[in-house]
Amino acid sequence: IYRRIRLIFENRTQAAVMLAGKLHWLKERWTNSLRVLAIPRGGVVTGEVIANALGASLDVVVAKKVGDPLNPEFAIGAVMHDGSFIPNEDVISSLHVPKQYIEESVSALKKEIDRRLIKFRGNKTYHLVGKVALLVDDGVATGTTMFAAIKWLKTQRLKKLIVAIPVGPRDTIEKLRDIVDELIVLHSPSIFGAVGAFYQNFSQVTDDEVVEIMRKYRANLIPNDS
């Protein structure tokens, strides 16, 4: 079925270059207040290309999926670094997921998120008030972590919230479009499957690769950064 898909990216870098081509208006309009925020790990590769193209700083925002007790790959919600849990209420209700399981999962995942934030960006403090946030990833499927990141970003008193992704299923894209100021997407098919199916090379990005990329931007992420 994927042979019929017309738009397949070579890799994350090529997809990000294509996406950056749709974003140059941001550079002209929001030069000083633009912040590119990437969802690790694959989104950081995408984010670096876009940040460089726009002359913007790069940061990461980490959300972790909470999996169903019987099927960990199936998300019932997501956790942010501040401990907030963004549930999929319908799924939790239909699967009768115990409250204790959710609480224990949130606690464990928050510790993992804290570890990643320190490893990737050096601290857990954000300074986004009055900024234009450009949230990027290498693609979305259900969008669980993306929706969690958006909900948290909306508490940060941003000037504007923009999402940019190479590919995502049409139904998820329409839901995203309803909750952000701007949405830029290159491809949104009705028949989807998985993000990796739209890339010729979708090799896993390692923590070390993210650390190496983010090392270039750490000076911009120190506390009290304006």
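Which residues does Gln156 touch, not counting residues up to four places away in sequence? I looked this up first, and found Leu128 and Val129; contact here means heavy atoms within 4.5 Å.

**Ground rules.** I am working with a predicted model, where local features need pLDDT of at least 70, side-chain atom pairs count only at pLDDT 80 or more, and totals for chains, interfaces and linings use all residues. Residues are numbered from 1 along each chain as its sequence is written, and side-chain values use heavy atoms, leaving out hydrogens and water.

**Gln156.** I placed Gln156 in the loop between helix H6 (144-153) and strand S7 (160-167). Helices (H or I, at least four residues) and strands (E, at least two) are DSSP runs, numbered from the N terminus. Buried or exposed, I wondered about Gln156? Gln156 is buried, at a relative accessible area of 17%; buried means under 20%, exposed over 50% and partly exposed in between, with a 1.4 Å probe and protein chains only. Its side chain makes a polar contact of 2.9 Å with that of Thr155. Such a contact is a pair of N or O atoms within 3.5 Å; within protein, one must be able to donate a hydrogen and the other to accept it, and residues adjacent in sequence count only if both atoms are side-chain atoms.

**The parallel sheet.** I then followed S7 into an open sheet of five strands, ordered S2-S1-S6-S7-S8 with parallel pairing. Two strands pair if DSSP finds at least two bridges between them. Strand S2 (57-60) and strand S8 (182-187) are the edge strands, each pairing on one side only. The twist averages 20° from one strand to the next. Five bridges link S7 and S8, and I noted Val163 opposite Leu183 in S8.

**The antiparallel sheet.** My next stop was an open sheet of three strands, S3-S4-S5, with antiparallel pairing. Strand S3 (63-68) and strand S5 (85-87) each have a single partner strand, so one side of each lacks a neighbour in the sheet. Here the twist averages 45° from one strand to the next. Six bridges join S3 to strand S4 (residues 71-80); Asp68 has Asn71 in S4 as its bridge partner.

**Helices across it.** I saw two helices lying over S3, S4 and S5: H5 runs at about 150° to S3, and H6 at about 10° to S4. Axes are lines fitted to C-alpha atoms, for helices over the stretch in contact, and angles run from 0 to 180 degrees between N-to-C directions.
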